[in-house]
Amino acid sequence: MNAIGAIIQSAKRLLPRKAQKELVTQLGTADTLEAAPAGAILMGMYVLEYAGFSTYVDELLEEEHTTIEQLKHHFQQRTPLEKPMIPSTGILLSLMVADMIARPRHITRTYEFEEMAKQWRTGPLLGIEPSLLNDDRIGRALSALGAEPKAMQEVLFHMVTDAGKKAGIPLNKFIVDTTLLQLSGTFKKAPKVVAGRGMDSFHQLIVSLVIASGSRLPVGFNVLAGNTSDSTTLPGIYETVHRIADEGDIEFLMDRIYPT
């Protein structure tokens with residue numbers, strides 16, 4: 001927007017008044033974004049690799065990790081008849097998370113990744129052949145991580161402790177809160193989706209989140225049944241914080257419903 005403003009100001013100085021009016025009538029805003037955020041995806045992938053996300057996922061799944069550098073080297077060196085190097089589960093999930101970071105309002109569906117990868121140029125930029133990003137492979141990656149009940153909590157724990165050491169983030173003051181997710185539909189095989197508080201609350205979940213005050217670093221989360229009372233989440237929160245907190249006094253900021 002700053003660039004557009006600069007162009008308009010320059011036009012006012014250089015163009016005749018009639019031409020200025022014509023220019024303004026031709027300017028408009030697009031309802032859809034056509035550009036592919038390849039730069040944002042690339043940055044997201046390297047941030048996640050620095051944070052160790054893909055490495056910790058692969059370690060948890062006891063899978064050999066493939067780095068972006070390994071993938072890029074193989075992509076650049078392979079012959080036309082040679083099969084592309086298959087990225088590890090951690091790398092596949094990193095690409096999904098990078099998409100969420102880059103396009104939070106337009107998250108790519110699993111069956112769209114192969115086509116989007118061509119626009120993102122994942123081959124030359126990340127060493128990931130787009131044809132490998134079919135929905136079956138991505139679905140298997142999600143299933144592999146989902147099969148481990150506490151997989152995401154463990155990955156988050158390692159990322160937080162590592163980030164705290166690398167960036168010197170203090171971990172002695174924490175903010176605790178829950179939020180309600182109202183759902184619509186049929187959830188016969190989802191025991192956590194139950195009626196809860198409110199007039200229209202037949203299907204809901206409770207999401208609990210703990211963040212480090214100041215840095216806003218997420219240190220713990222949980223998805224709970226929709227009728228869960230905030231106070232009953234405290235033992236699990238204390239256990240999570242105890243694993244990662246610095247030595248010394250710990251401060252919690254929370255609604256008074258928690259301890260009452």
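The model is predicted: local features need pLDDT of at least 70, side-chain atom pairs count only at pLDDT 80 or more, and totals for chains, interfaces and linings use all residues. Residues are numbered from 1 along each chain as its sequence is written, and side-chain values use heavy atoms, with hydrogens and water left out.

**View 1. Lining of the second largest pocket.** Of the 19 lining residues, K150, Q153, F221, G236 and T240 lie nearest the centre. A pocket is an open set of points on a 1 Å grid over the protein atoms alone, where a 1.4 Å probe fits, with protein on both sides within 12 Å along at least five of seven lines; lining residues have an atom within 4 Å of a point. The volume is the space filled by probe spheres set on the points, which are joined across faces, edges and corners. Helix α11 (234–244) is one of the elements that each supply at least two residues, and α11 provides the largest share, six. Helices (H or I, at least four residues) and strands (E, at least two) are DSSP runs, numbered from the N terminus. The lining comprises eight nonpolar, seven polar and four charged residues; Ala, Val, Leu, Ile, Met, Phe, Trp, Tyr, Cys and Pro count as nonpolar, Asp, Glu, Lys and Arg as charged, and the others, Gly among them, as polar.

**View 2. Lining of the largest pocket.** About 510 Å³ of space lies here. L48, F53, L156, M159 and P218 are nearest the centre among 19 lining residues. Helix α10 gives the most, nine residues. By class, 17 are nonpolar, none polar and two charged.

**View 3. The open sheet β3-β2-β1-β4.** The pairing of the four strands is mixed; two strands pair if DSSP finds at least two bridges between them. Strands β3 (217–225) and β4 (251–253) stand at the edges with a single partner strand each, so one side of each lacks a neighbour in the sheet. Eight bridges join β2 (residues 204–212) to β3 in antiparallel fashion, with L209 opposite F221. Three bridges link β1 (residues 173–182) to β4, which run parallel, and F174 has F252 as its bridge partner.

**View 4. The hairpin of β2 and β3.** Four residues lie between the two strands, and G214 in the turn has a positive phi of about 95°.
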